Amino acid sequence: WRSLVHGMRRGAWSIADQFPFAASHVVINIALARFISPASYGTFTLAYTIFLLVATVHTSLIVEPMLVFGAGKFADRPSEYLSELMRSHWQFGIAAGALLLAAAAVTDALGYGTIAPAFVALAVATPFVLLQWLTRRACYVRFETPLAAQGGGLYIVCLGVGAYLLHARGLLSSVP
């Protein structure tokens, strides 16, 4: 019985972590669809889709293996393992950023100038967004899901306030 309650508590913290991220992304997508032009929203959607493609590769190469090996093979030296993952993350982030900058240059050269700034913004933001995803999941490896949930709460507040301030100043745009 005690084990069941402990497992349910961990599950509740996982939901408390995941919900703010999922909810904030739904709300921000609805707000963007409502407050920016259809062309700008299309640009955002294209950039966001490419980000999700890059994020899937990052998750496959770094995050998912961390969840398996971090709690198993490297459980006795988590700091050393996480340091190596951070190094891998930044190498991936720099490579992804370079590819996104190249995509910006190509789209600009081909006359798709409205998409190029979105790619530049994506090149800058992607390593930091993926870092946040990695550190959240690292909390799971360390069995610190309450810390991940607290990060989720902070994230939804910062994203909401940031989006509101950008909208209030007329700066909300398709640049992700």
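Biologist: Let's start with C139. Is C139 buried or exposed?

Modeller: Keep in mind that this is a predicted model. The cut-off for buried is under 20% relative accessible area. C139 has 11% relative accessibility, so it counts as buried.

Biologist: And how many disulfides are there?

Modeller: The idea is to look at pairs of cysteine sulfur atoms and ask for a separation within 2.5 Å. Here the count is zero. C139 is in no disulfide, and the nearest cysteine sulfur to its own belongs to C158, 16 Å away.

Biologist: OK, on to charges. How many salt bridges does the model have?

Modeller: For this one you check whether a Lys or Arg side-chain nitrogen lies within 4 Å of a carboxyl oxygen of Asp or Glu. The count is one salt bridge. R87 pairs with E84, and their closest N and O atoms are 2.9 Å apart.

Biologist: Where do R87 and E84 sit in helix 3?

Modeller: Helix 3 covers residues 78–109, and the two are three residues apart in it, so about one helical turn separates them. R87 is partly exposed with a relative accessible area of 47%, and E84 is partly exposed too, at 39%.

Biologist: Now the inside. How do I read a nonpolar core?

Modeller: In soluble globular proteins, nonpolar side chains tend to be buried together. In this model the largest nonpolar core has 25 residues, and M66, L85, F92, F119, L122 and L130 touch the most other members. Helix 2 (38–69), helix 3 and helix 4 are the elements that give two or more residues to this core. Helix 4 provides the largest share, nine residues.

Biologist: Take L85. Which residues is L85 in contact with, leaving aside neighbours within four places in sequence?

Modeller: Those are I62, M66 and L134.

Biologist: Which residues form the nonpolar patch on the surface?

Modeller: The patch is made of W90, L101, V120, V124 and F128, and together they have about 460 Å² of accessible area. Helix 3 and helix 4 (116–141) each supply at least two of the patch residues.

Biologist: Which helix gives the largest share of the patch?

Modeller: Helix 4, with three residues. F128 has its place in that helix, helix 4.

Technical notes: Residues numbered from 1 in each chain as written. Predicted model: local features only at pLDDT ≥ 70, side-chain atom pairs only at ≥ 80, totals over all residues. Heavy atoms only, no water. Helix = DSSP H or I, 4+ residues; strand = E, 2+ residues; numbered from the N terminus. Buried < 20%, exposed > 50% of the residue type's maximum accessible area, 1.4 Å probe, protein only. Patch = residues over 30% accessible without salt bridge, like charges linked within 9 Å, V, L, I, M, F, W, Y side chains within 5 Å. Areas by Shrake-Rupley, 256 points an atom, 1.4 Å probe, with all protein chains shown as cover. Core = buried A, V, L, I, M, F, W, Y, C linked by side-chain atoms within 4.5 Å. Contact = heavy atoms within 4.5 Å.
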